[in-house]
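Here is a walk through one protein model, meant to be read with the structure open beside you.

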Amino acid sequence: MRFTRRHPLLAALLLCALAVLAARPTDGDGHAPGHGSASGVSAEVARLYEEAAEATERYEAARREAGKQRARAQRLEARLDRERQAMAGLRKDLGRIASSQYRDGGGLPLTAHMILADDPEEMMRGQRAVWQAEVALDQAIGRSERAEARLARDEARAAAAWKRLERRNAELAALKQGIERKLETARWKLQGQADASVAAGACRGAVRLDQPRTRYSVDWVAPVETYVLSASYGSGGARWANRHTGQDFAVPIGTPVRAVGAGEVVKVSCGGAFGIEIVLRHAGGYYTQYAHLAAVAVDQGERVETGQWIGQSGTSGNSTGPHLHFEVRVTPEMGSAVNPVSWLAGRGVSL
């Protein structure tokens with residue numbers, strides 16, 4: 001009581017602080033009950049994104065290699081068919097020579113042929129030619145048979161390598177699908193945290209993500225790396241009272257959102273129609289807004305670099321599905337938007 005009488009202002013401030021803390025919709029770990037750690041889920045989603053990307057890259061590389069092996073086996077099979085056809089032709093020629101010898105000689109020995117021949121010397125020259133042809137034919141058949149055996153071995157090796165790659169590809173596909181299932185579960189857990197923050201109107205604070213080391217040689221980039229453009233600037237529809245004020249990027253929940261350029265975080269908000277949103281101020285008096293997020297990775301007042309992860313996409317606020325709403329403004333508040341596509345194009349970024 002003595003403390004209260006001597007410091008009435010300080011006591012009032014303490015009571016207000018306790019009331020604010022008691023009213024916050026978070027537990028001792030800073031997250032809504034039943035939704036897990038905010039930082040843990042955000043980091044898990046980011047990590048699973050990287051694992052999914054790596055698994056996809058390995059799967060696609062293995063699939064391409066399997067295709068090459070399959071094509072190699074098919075080429076060897078075609079060569080083997082050609083060799084077989086050539087050898088069949090050679091054997092047919094040998095058969096014709098043998099038949100001709102049988103018809104001309106009637107089975108008589110060479111000595112009898114010489115005695116009965118009108119010109120024995122001419123007959124001997126013909127006989128030598130036939131013999132040489134037979135020798136050449138035997139050699140050609142031998143080469144063809146060796147080539148066939150070699151090609152058959154090559155074909156068997158290629159086919160075995162292709163089958164191994166196919167098995168490996170199936171293993172990589174299963175690994176990829178497993179990661180994607182985990183990622184999908186983590187995405188909706190992250191979105192549940194975002195919805196709780198928006199309902200409470202209180203942000204959870206920045207969740208620092210381990211971003212891969214990237215250095216950009218350009219001053220401006222797209223706000224997300226892989227995307228499908230959806231609602232565009234100036235478009236109409238039942239979802240907006242007036243024309244659409246930004247460009248929407250259809251991306252899954254948890255997709256890393258990047259600062260399009262260097263700047264300062266002037267606003268981090270978690271409530272209202274835009275759900276969780278971030279606004280950056282850039283040189284030249286322009287501002288960029290990133291809305292309907294699932295999590296933020298920066299704090300207000302923080303400086304950011306081009307391409308730096310500032311949050312993760314979601315579907316918070318008045319959103320009909322997972323996407324990033326991106327705006328370019330001439331003031332930090334809505335109502336001053338310009339066309340973000342042409343604005344980025346003027347800075348070398350083609351969407």
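Among contacts in the protein between residues at least 6 apart in sequence, 70% join residues at least 24 apart; a contact here means heavy atoms within 4.5 Å. This is a predicted model, in which local features need pLDDT of at least 70 and side-chain atom pairs count only at pLDDT 80 or more, while totals for chains, interfaces and linings use all residues. Residues are numbered from 1 along each chain as its sequence is written, and side-chain values use heavy atoms, with hydrogens and water left out.

**Overall make-up**

The protein comprises six helices and 10 strands. These elements are DSSP runs numbered from the N terminus, with helices (H or I) of at least four residues and strands (E) of at least two. Of its 351 residues, 35% count as buried. Buried means under 20% relative accessible area, exposed over 50%, and partly exposed in between, with a 1.4 Å probe and protein chains only.

A helical example is Ile141, which lies in α5. Is Ile141 buried or exposed? Ile141 is buried, with a relative accessible area of 10%. Gly89 is 52 residues away from Ile141 in sequence, yet their C-alpha atoms are 9.9 Å apart in space.

**How the strands pair**

Two strands pair if DSSP finds at least two bridges between them. The table gathers some of these pairings.

| β4 and β7 (residues 303-304) | antiparallel | two | Glu264 and Arg303 |

Strand β9 deserves a look of its own. How many of the six residues of β9 are buried? Six of the six are, and β9 is mostly covered. Leu324, Phe326 and Val328 point one way from the strand, whereas His325, Glu327 and Arg329 point the other way, and all are buried.

Most residues other than glycine have a negative phi. His292, although not a glycine, has a positive phi of about 65°. His292 is also buried, with a relative accessible area of 5%.

**The core**

Which residues have the most contacts inside the largest nonpolar core? They are Ile278, Leu280, Tyr290 and Ile310, in a core of 40 residues. The elements giving two or more residues to this core are α3 (38-105), α5 (120-200), β4 (263-270), β5 (276-281), β6 (287-296), β9 (324-329) and α6 (340-345). A nonpolar core is a set of buried Ala, Val, Leu, Ile, Met, Phe, Trp, Tyr and Cys residues joined through side-chain atoms within 4.5 Å.

**Pocket and cavity**

Rolling a probe the size of a water molecule over the atoms shows where empty space is left. On a 1 Å grid over the protein atoms alone, a cavity is a set of points where a 1.4 Å probe fits but cannot get out, and a pocket is an open set with protein on both sides within 12 Å along at least five of seven lines; lining residues have an atom within 4 Å of a point. Grid points are joined across faces, edges and corners, and a volume is the space filled by probe spheres set on the points.

The largest pocket has a volume of about 560 Å³. Of the 18 residues that line this pocket, Tyr49, Glu50, Glu225, Thr226 and Pro256 are the closest to its centre. The largest share of the lining, four residues, comes from α3.

The largest cavity has a volume of about 100 Å³. Its lining has 14 residues, and Arg204, Gly205, Ala294, Ala295 and Val296 lie nearest its centre. Helices α3 and α5 and strand β6 each supply at least two residues of this lining.
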